[in-house]
Structures are given as structure tokens and as C-alpha cells.
Amino acid sequence: MTVILPENPAKADLLAGNPTLWLNDQLRPDGISDPGLPIRPGQVISSEASWRRLAPLLERLFPETSGTGGQIRSDLVEAQTLKGAIGYCSAEYGRVFIKADGSLPVAGSIKARGGLFEVFMHAEALAMQHGLLAEGGDVMTLAGTEAMSLFQRHTIAVGSTGNLGLSVGIAARALGFRAVVHMSSDAKRWKVDRLTNLGVEVVQHEADYTTAVEEARALAEGDPSIYFVDDERSQLLFLGYSAAARELAGQLDEAGIIVDHDHPLFVYLPCGIGGAPGGVAYGLKAIFGDAAHCFFVEPVQSPCALVHMMSGSAELVSVYDVGLTNRTEADGMAVARMSDFVAQVMGPMLSGVFTVADEDLFRWLYLAHSSQGIRLEPSAAAGFAGPEFTVNSPQGRAYQTSQGLIGHMANATHIVWTTGGAFVPEEQFQQFLERGEALTTAAG
Ligand SMILES: Cc1ncc(COP(=O)(O)O)c(C=O)c1O
């Protein structure tokens, strides 16, 4: 289908595949209280409690989490040196931080938050159904031999561009489940190899992500022993990600950073289908309300959240419908059609979406490593465009005016959420660095 987008200051650049910032005109004050939303802030609080309950089990199965008592947490790092390398030194940029989910334990990406959560919550529910665990019982039972032999008779399946498959596959295998990951054609070879080595069955589709998910869902529907982690519809994934907001709030508090109307918090979240950035944004709005300004970021050829939300259509609009290609090196964000569930939830609370060119991802990946030793994959570097767009672009200034932020931007805190990278094999990472260095030198 061909879709004609409404007139908007971002439209010409969007359609030409140039980086741009789109502002969400459905954004409402206190948007999280919209009674029509299919989710409630109380569910975030419950997910935080579930993470706490599961922590001892996670610590047992993943000893790399022993330093945090089984919590899946990442550091908040000020971009001291990197700020200079990227050009965010002047006072108008406030303070710039990196939320280092690229180094999350167990799965090496933000997907550890959603994928692990859904698999462990499913395991708990299955053990209860089979009488192995009572309400309020000891979650360590899930690592015992009886639970293991139950899980061996069940399969967990998921569609993935790579990182969700890694996180679900690792979690499922650790508990003893059979695991099947359906990969889109964008999936990188090393992610497939890593899963295969863990005993995960990988089905490689010669199709894009949306098609891989559809085919995987159809297979699961015909077989009751398969539990399908549905990236397009899952509330559990979304809630797993949402608990990251409380973690960030604690880190900001420890750093003595105030967040209120006069000290705004800007957060830049790489977006594929929307679950990870949507969950984190929802959690942040639940804590900080209108003082948190959340933006998604997408590749110039795969801006699925931008085109759908800009279209105002009740039917999902894909990037193909407006003539874009969905071709990008940022495999985690190579998604043509966003989640309908996330689109509904983000409607009244997302500030906007901006797009980035692949070349810039490689430049930022190189600068993050050379200036602060941070290891990223291309998707994970996308948020670095955020401060420039919100502080200095015409649309960014229009946003500041509409939100009453003029005069407060020097007090702002910008969070660039870096979402993956720790697991990239050394040889591949060196190739990323070489490409980034060449592009940085060429840009002068
Ligand atoms: C590194 C990275 N960043 C961001 C995302 C986007 O997450 P979502 O597809 O939930 O929007 C992904 C998805 O796989 C990813 O791998």
C-alpha cells in the first residue's frame, strides 16, 4: 500500500532519507494518566518486585551478576571526554550521560531486560501450573532437577533481528528449555553462531523482521508445547524493560541530579519495533512525569515508529508504504513496522522521533571507544544525535518553546541510552572501528 503522510516540518527530510527530528503532536501533559492506555503504572511497580524476587535465581544461574546480587543493571557514565569529541561542550548542552546497556550482563544488550524477564516469568508460571512452585514459594526451585525436566519438555520461540534472540535463547537454555530463534535476514552471522553454540535452534528467514515474527508466531500457534515471546505484542517484555527507569532514577539521585520542570531530563532511545525504548520511556514517565522528555531514534531508512506515528493512521503504516527501504547496518533497528501496542501507549507521552544516517553511527561508535573506551554496536550509538537535535535544530527549539523550556536548557540532563555491544566479537569490532575512524577523518 502507498501512504501519503500529512504535512509536517520533518516530512521532506524523512522521505528523502535525511536525518530529521519529528515532534509528536499527540503529546499531552500527564499523558501517562490517559484512561484509554492498555497498561497502568502499577504494572511497572509489580515488574520491579518480580525482578527483585527473581534476583537470587538469576545470580545462581548467571554468576556474572553476583556483583549486583542478581540484578541486571548497567552503569550511568558521564560523557566527559566524549562530549568534546562530539561537540557538546558548550553550556547550552547541560550535562550528557551514557546509560551503558551495551555492557549489561548475560546478554550484552538492552534486550537482557525484556528477554530474561519474560522467560523467567514464564518459567515461574509454568512451574506453578505443574504444582512445582506455590504462590510465594522459593524461586530457587526453578533451578532444581524437577523443574529442569519439566522445562526440557517445553520450547520457547522468538523472532529476532539478533539481540532479543540472544537474550531469550540464553535465558531459556539456562533453565533447560528447548529454544528456537527465528532470525530475520538482517541478523549478523556472529549472533547466529553464538546461539547455535548454546544449543539454540536457529531458523534463518530470507525475509525481514516482520515476516520472521509472523512465521514464528504461526508455527507456535499450532503447538501448545511452544511458548512464543511475541515482540510485536508482549506486555511482559515491555514491563521487563520498564523497570530500568527506577534504576536510572536511583543513579541520577546518587549523582545529585535534580529532575523537574526547570531541570529537564532528555532521554534518547534507539528504536526497532519499539518494545525496549517504549518500556523504558513508559517507566520514566511513570516516575518523572512531564519533566522527562523521551525521544526514539531510528535509522533514516527504517523509521517505523516515526512514519506510523506521523501518519495518524489507525492501521499500522510501514516504512515501505512511504517509499523507504528498511536497509541499514544497524541490525537491531532494521524493522519496517512498529508494534501496535507500543504505538498506542506512546501516543500521548513520546516527545518525538529523530533519524540518523548509518555513517554517523560508525563515527560515534569510533569516538565512544577512542575517547571513553565504550564498546558499542552500530544500533547502540544512535542516541548521540539527540542533544544536537533537541538543543539546536529548528524543531528542537520549537519543542523547547512548546514545553516552556526556554531558559532552562543549560540545566538539562541528556541521557544517551547505548543499547548493545559487549558481545561483538573482536574481529568484527575492529572492522567497525576502522570504518568509524575513516569516516571521522573524512569528516574533518
Ligand atoms: C542494540 C539494540 N538497540 C535497540 C534495539 C531496539 O529495540 P526494540 O526492537 O524493542 O525497539 C534493539 C533490538 O533488537 C537492539 O538490538
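Predicted model: local features only at pLDDT ≥ 70, side-chain atom pairs only at ≥ 80, totals over all residues.
Okay, where does the ligand sit? In the largest cavity. And how does that place relate to the domains? Well, domain 1, that's 11–63 + 70–107 + 238–443, and domain 2, residues 111–235, both contribute residues to the shell, so the ligand lies between the two.

Now, who's in that shell? We have 15 residues around the ligand, and the ones that come nearest are Lys111, Asn163, Gly272, Gly274 and Thr419. By type, the shell splits into nine polar residues, five nonpolar and one charged. If you're looking at secondary structure, helix α11, residues 275–288, gives the most to the shell, with three residues.

Let's get to the contacts. Asn163 uses its side chain: an N or O atom there is 2.7 Å from an oxygen atom of the ligand. With Ile273 we're on the backbone instead, where a polar atom is 2.9 Å from a ligand oxygen. Gly275 also brings in a polar backbone atom, at 3.3 Å from an oxygen of the ligand.

And how much of the ligand does the protein cover?

Methods: Residues numbered from 1 in each chain as written. Heavy atoms only, no water. Near = heavy atom within 4 Å. Polar contact = N/O pair within 3.5 Å; in protein donor to acceptor, adjacent residues only side chain to side chain. 1 Å grid on protein atoms, 1.4 Å probe; cavity = no way out; pocket = protein on both sides within 12 Å on 5 of 7 lines; lining within 4 Å. Sits in = over half its atoms within 2 Å of the grid points. Helix = DSSP H or I, 4+ residues; strand = E, 2+ residues; numbered from the N terminus. Nonpolar A, V, L, I, M, F, W, Y, C, P; charged D, E, K, R; others polar. Domains from an automatic or database assignment.
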